[in-house]
Amino acid sequence: MKLLFFATILFFSAEAFTDIAVIVHPTNNNVIEVSDLKNLYLGKKRTFPDGTPAITLSLQEGLESNSYFNQTVLEKSDSQLKAYWSKLIFTGKGTPSKQVSQDELINLVASNPNTIGYIDSSVVTDSVKVVNKF
């Protein structure tokens, strides 16, 4: 019983710690739904809802925020996502998001209206606009 209690506390503590913000350039006025994010990050769409080109950026592999986004939004584990992209790359049907650090991601999104990314919400700056949180 104690083990279950501590496991539950650890789960909710980790869940509370991880808060992801999806960010875009401040001039981007698109309403971006979860389905839009999923389609963009799985390479099924390459434009924002208004038709402007979208460049997806991801956090570096191995970061908790990256795994949380993959699991929560894309509904894939890190290994499932890697296998998914390996197949698309091999068949020439897609290219995964560029992986960058949180600081680099913020700078890239702040400087290019066509980019979208996700970061730990605790590091969001005024140079970007949050369009969704998980």
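Student: How does the lining of the largest pocket divide by class?

Tutor: That lining has seven nonpolar, seven polar and three charged residues. Ala, Val, Leu, Ile, Met, Phe, Trp, Tyr, Cys and Pro count as nonpolar, Asp, Glu, Lys and Arg as charged, and the others, Gly among them, as polar. A pocket is an open set of points on a 1 Å grid over the protein atoms alone where a 1.4 Å probe fits, with protein on both sides within 12 Å along at least five of seven lines; lining residues have an atom within 4 Å of a point.

Student: What kind of model is this?

Tutor: This is a predicted model, in which local features need pLDDT of at least 70, side-chain atom pairs count only at pLDDT 80 or more, and totals for chains, interfaces and linings use all residues. Residues are numbered from 1 along each chain as its sequence is written, and side-chain values use heavy atoms, without hydrogens and water.

Student: Which residues lie nearest the centre of the largest pocket?

Tutor: Of its 17 lining residues, Glu61, Leu81, Lys82, Trp85 and Gln99 lie nearest the centre.

Student: And which helix gives the most to that lining?

Tutor: Helix α4 does, with six residues. Helices are DSSP runs (H or I, at least four residues), numbered from the N terminus.

Student: What lines the second largest pocket?

Tutor: Its lining includes Leu40, Tyr41, Gly43 and Trp85.

Student: Which residues of α2 are buried?

Tutor: In α2, residues 34-41, they are Asp36, Leu37, Leu40 and Tyr41, where buried means under 20% relative accessible area with a 1.4 Å probe, protein chains only.

Student: What follows α2?

Tutor: Gly43 follows, and its phi is positive, near 75°.

Methods:
Buried means under 20% relative accessible area, exposed over 50%, partly exposed in between (1.4 Å probe, protein chains only). Helices (H or I, at least four residues) and strands (E, at least two) are DSSP runs, numbered from the N terminus.
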